[in-house]
Amino acid sequence: MNPDEGDDRPEEAGAGEAAAGSSSAQAQGQGQPLEWRFAQVFGERAAGEDVQEVDIISAIEFDKSGDYLATGDRGGRVVLFERTDARDQNASRRELERQDASITRHPEFRYKTEFQSHEPEFDYLKSLEIEEKINKIRWCQTANNSLSLLSTNDKTIKYWKVQEKKVKQVSVMNLNNSRSVGTGSTSSSSTSSSRALLPNGGCSDKSSCLNSDILFPPGGYPSLRLPVVVASQDVNLVARCRRVYAHAHDYHINSISNNSDGETYLSADDLRINLWNLEVNSQSFNIVDVKPPNMEDLTEVITCAEFHPTHCNILAYSSSKGSIRLIDLRQSALCDNHSKIFEEHEAPGSRSFFTEIIASISDIKFSRDGRYILSRDYMTLKLWDLNMDSGPVSTFQVHEHLRPRLCDLYENDSIFDKFECCLSGDGLRVATGSYGNLFRVFGCTPGSTEATTLEASRNPMRRQIVNPTRPTRTLTSLARGVRRGGENQGVDANGNSFDFSTKLLHLAWHPTENSIACAAANSLYMYYA
């Protein structure tokens, strides 16, 4: 993704936002479908332009404040964006009240900086190439006006610190022109003129300089001249790798997650979860190990792991069998036994060759309050209540229309695509990606029938399919597991099937506002509601 190709929002995005009022915003917050609009795009490619493999975005993450956005790509680069429409913290109370009374503007971001996080490596012991692709990015707590984040590829995690530094320049050489080379000597005598004078006022002939008036002139002041280094008003953003956490995973790292204590984080691969201290890169603690004594007995692998947003002792991890395990670090040093397990049992007689493949969970996310867990498998989104492990409280159909084509998807490996999911900051909506550069937004409040299909383009609603009227659901039906969204048959406006090579795997929801950032190949699209 080329940040120089970043494009501001079009005119209609700025003019159209005035249509939203406070009353409609309140109604939307209560479960009415949101009206999504295009905000910005960075790295938009022209029609027919080829996309370089290294430019494809592989990770997206907002920081907790929502003022910064980070993306990682397959070329090992991390690109940072900062919000430009944030309110002035020093504004007076009257100005802030005037801003509250005016129409709220959608978040606007601009390119801030980028740096090379990872390079391609080669494991000589295993004769294995380690690609530089960024798998995950996680923001850390900020300090001293600097930005801190973790980034990882398949094997190595790095802790980066990005801060502004004033540019230092040698502004004054403080040369003594009267004694500089080329201006002649200070004395007309042949003895003085024969001495080789240096630009700083010294002399190359030490023996003659010691007893001369070149070093100490008659005035009594030394003629040794030093350059003056001053800090200019210009500032540069400097990314510095503070620590490298390596050699702790035998298998590919699929997850990293910061702990709420601000001091530790976890990293997970297919068989193990390790606990790290941010300040210590020489050792980590293995807290989950699902590797069997005999690898031939392996039937399940870890697919994703996440810390609870507020309880530093609780984490969850998902598996390839469609289950989510909740563990408590206070129980034992090695958490082989879970405290809760969330799984949905398959209906009798419905098992097929693809059952276990499509049940594999590719991503999990805690809600902001920590009450719910959102999971994404190949076919559905599921919302789980931590207080109810009998089944999901809601199920959203995403790829049900692809069930007749599972054989084709298996043959071209699309069935193994790992789609991410996200929740809104208020917990009222969830979102995930699909094929054809589409993503879907569902309302998850009781009685909500919101199921919106959007395209990652300047006109996100052009593929919108109007869903038929559905009866309002009660909280009782919600607890039994509501299934919505299956009406979308996965075709475009012309009735053509999607191109499975264009898929929207990565997206993130702004932590405090209804704004979504999503990646379509090398392009970063942003939408607001």
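Ring pairs join F38, F439, Y525 and Y527 into a cluster. The model is predicted, and it contains 23 aromatic pairs. One of them, between Y410 and F416, is tilted, with 6.0 Å from centre to centre and 55° between the planes. Y410 and F416 also belong to a nonpolar surface patch that includes F353.

**Surface patch**
- The patch consists of F353, Y410 and F416, which together have about 320 Å² of accessible area.
- F353 lies in the loop between β19 (340-342) and α6 (355-359).
- F353 has a relative accessible area of 55%, and it counts as exposed because the cut-off for that class is over 50%.
- Y410 is partly exposed at 34% relative accessibility.
- F416 is likewise partly exposed, its relative accessible area being 42%.

**Aromatic pair geometry**
- Two quantities describe a pair of aromatic rings: the distance of the centres and the angle of the planes.
- Planes under 30 degrees apart count as stacked and those over 60 as edge-to-face, so the 55° between Y410 and F416 makes this pair tilted.

**Strands β16 and β17**
- Strand β16 (residues 302-307) is mostly covered, with six of its six residues buried.
- Strand β17 (residues 314-319) pairs with β16 in the antiparallel sense over five bridges.

Methods
Residues are numbered from 1 along each chain as its sequence is written. This is a predicted model: local features need pLDDT of at least 70, side-chain atom pairs count only at pLDDT 80 or more; totals for chains, interfaces and linings use all residues. Side-chain values use heavy atoms; hydrogens and water are left out. Patches are made of residues with over 30% relative accessible area and no salt bridge: like charges are joined within 9 Å, nonpolar side chains (Val, Leu, Ile, Met, Phe, Trp, Tyr) within 5 Å. Accessible areas come from the Shrake-Rupley method with a 1.4 Å probe; for residues, only the protein chains shown count as cover. A salt bridge is a side-chain nitrogen of Lys or Arg within 4 Å of a carboxyl oxygen of Asp or Glu. Helices (H or I, at least four residues) and strands (E, at least two) are DSSP runs, numbered from the N terminus. Buried means under 20% relative accessible area, exposed over 50%, partly exposed in between (1.4 Å probe, protein chains only). Two strands pair if DSSP finds at least two bridges between them. Rings of Phe, Tyr and Trp (its six-membered ring) pair if their centres lie within 6.5 Å; planes under 30 degrees apart count as stacked, over 60 as edge-to-face and the rest as tilted.
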